[in-house]
Amino acid sequence: MTYSHTLADQLYFNDVLAIALNQANQASDPYRPVWHFAPQFGLLNDPNGLAYFNGEYHLFYQWNPKACAHGAKAWGHATSKDLLKWQHQPLALAPTQEFETHGCYSGSGLVNGEKLELFYTGNVKFTQGGRTAYQCRATYEAGKQVEKKGIVLPLPEGYSGHVRDPKVWQHQGRYYMVLGAEDLDYQGKVLAYVSDDLQQWHWLGEVFGHGLNGHHSDDFMLECPDLFPLANRHVLITCPKNWIERDGEKIETFDVTYHVGDFDYQTAAFAHQEGVLMDHGFDFYAPQTFADQEGRRILFGWMGKPDEFEAYQPTIAHGWIHQMTCARELTLVNGRLKQLPVAEISQMRHSQQCFTGLSTCFAGLSAELQLHDLQGKELTIEVADDLRIEVDSTGLRTVRRNLKTNQWQSIEWQGRVESLQLLRDHSSLEVFINQGEAVSTSRFFGKGFGVESDKGFKVSSKQEISATCWQLAQ
Ligand code: FRU
């Protein structure tokens with residue numbers, strides 16, 4: 001059955017059009033990124049359906065076009081020729097059917113000849129409490145409206161209603177899907193299915209989670225799993241959900257970890273190494289990867305988290321909230337994942353400035369800063385008034401003033417810092433340590449934002465350092 005553009009879809013699209021026509025003026029918005037992808041209005045979260053298809057990069061994304069808040073998500077859609085300039089496309093999926101009443105949740109894309117196959121989760125909440133989830137299929141042909149094909153997989157037995165975020169890929173003529181899940185013992189699991197036609201999916205097994213392949217944890221849910229081959233191994237990225245105690249309160253955590261290992265396509269077993277945290281900043285969640293036409297493994301992440309602070313972001317007054325990370329290329333070096341901005345980023349560089357000395361400022365709200373031969377030296381890089389990067393012989397700290405409490409908070413990466421590459425795009429900062437060995441990703445908004453006191457990057461050190469800065473423009 002095909003659910004092509006029903007009356008409910010038309011009504012939803014009309015609503016969104018009305019909001020679009022009344023959207024806030026972006027020209028007077030100091031927070032809006034110049035070259036990172038951000039929604040025109042409403043709330044963006046996870047990247048979805050990433051693919052290189054029909055001569056373009058496709059970025060779908062979790063989108064609530066109706067409010068700067070979470071809710072029944074739709075899929076937004078954008079395309080790009082170079083991963084830098086994005087063209088907004090018509091809304092791809094709206095939650096209009098009975099199998100997706102509370103959202104067309106995250107999922108992935110798979111190029112299939114003339115079609116881009118999309119898999120997503122139909123999220124359904126019951127009025128009496130509880131929920132279920134359906135894994136659904138839709139197809140996209142260039143220039144046409146996405147066609148929903150309906151449910152391909154109902155909720156499997158043995159799991160709660162939290163089974164979602166299908167990531168689909170092809171291997172030796174068969175199709176594989178991993179799903180994030182919570183089992184009935186409240187433990188996070190990654191599940192695998194196999195198919196020969198993308199329509200009938202057969203259980204393969206549990207891939208990852210407590211009690212499997214030597215892994216022990218009390219994470220209660222694993223969101224947005226991504227399992228992919230890289231340099232003759234496999235990498236599994238997951239977003240484990242857990243709780244921590246802070247000031248006597250139970251707070252939900254939103255981390256992203258990766259495990260390197262070997263996936264058995266017959267049994268779904270995944271023998272793996274220890275997990276490694278993928279980010280050491282404040283805003284990185286639900287990343288997704290895809291292989292492009294050159295075979296590069298490219299990642300986008302949501303530069304945000306569904307924490308209790310997001311409602312304080314000042315972009316809401318401008319009608320939008322959250323953005324994507326830059327496109328990052330992943331490589332595997334000595335069993336460790338490295339993340340670096342894709343090479344295309346260097347096309348935007350102009351107005352190079354070089355500096356050697358103790359302290360300086362590089363103006364510019366969209367700029368790249370590189371420092372090499374640091375050898376564990378002590379230095380501080382201030383960005384606007386509310387974010388700074390502190391480096392010493394023990395590692396790197398990202399220090400940010402909390403939007404709600406106004407208190408300074410910091411996140412640490414421990415190790416020896418040899419080099420740094422920083423990308424600032426108005427209200428976002430991505431810091432790549434030691435050629436991508438570790439990353440810190442954060443948004444920041446502050447009193448001094450974009451005004452006189454905002455020096456772009458203010459670098460200071462007690463030992464001599466050398467830095468190069470470029471302005472970035474499309
Ligand atoms: C992760 C997530 C996914 C879900 C989506 C809903 O941020 O919670 O698990 O599919 O967001 O927007």
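How far from an oxygen atom of the ligand does a polar side-chain atom of Glu223 lie? The answer is 2.8 Å, counting as a polar contact any pair of N or O atoms within 3.5 Å (within protein, one must be able to donate a hydrogen and the other to accept it, and residues adjacent in sequence count only if both atoms are side-chain atoms). The model is a predicted one, so local features need pLDDT of at least 70 and side-chain atom pairs pLDDT 80 or more, while totals for chains, interfaces and linings use all residues. Residues are numbered from 1 along each chain as its sequence is written, and side-chain values use heavy atoms, with hydrogens and water left out.

For Asp165, an N or O atom of the side chain sits 2.5 Å from a ligand oxygen, and for Lys73 a polar side-chain atom is 3.1 Å from one. Taken alone, the ligand exposes 320 Å², and the protein buries 92% of that (areas by the Shrake-Rupley method with a 1.4 Å probe; for residues, only the protein chains shown count as cover). The residues around the ligand, with a heavy atom within 4 Å of it, include Asn45, Tyr105, Cys224 and Trp302. This shell divides into four nonpolar, three polar and five charged residues (Ala, Val, Leu, Ile, Met, Phe, Trp, Tyr, Cys and Pro are nonpolar, Asp, Glu, Lys and Arg charged, the others, Gly among them, polar).

As for cysteines, the count comes to zero disulfides, a disulfide being a pair of cysteine sulfur atoms within 2.5 Å. For Cys104, the nearest cysteine sulfur is that of Cys136, 7.6 Å away. For Cys239 it is that of Cys224, at 5.1 Å. Cys239 is buried at 0% relative accessible area (buried is under 20%, exposed over 50%, partly exposed in between; 1.4 Å probe, protein chains only).

Aromatic rings make up 25 pairs (Phe, Tyr and Trp rings, the six-membered one for Trp, with centres within 6.5 Å; planes under 30 degrees apart are stacked, over 60 edge-to-face, the rest tilted). One of them is the tilted pair of Tyr159 and Trp203, 6.4 Å centre to centre with 45 degrees between the planes. Tyr159 lies in strand β9 and Trp203 in strand β12, so the pair ties together parts 44 residues apart in sequence (strands are DSSP E runs of at least two residues, numbered from the N terminus). Tyr159 is buried at 9%, whereas Trp203 is partly exposed at 43%.

Conventions:
Helix = DSSP H or I, 4+ residues; strand = E, 2+ residues; numbered from the N terminus.
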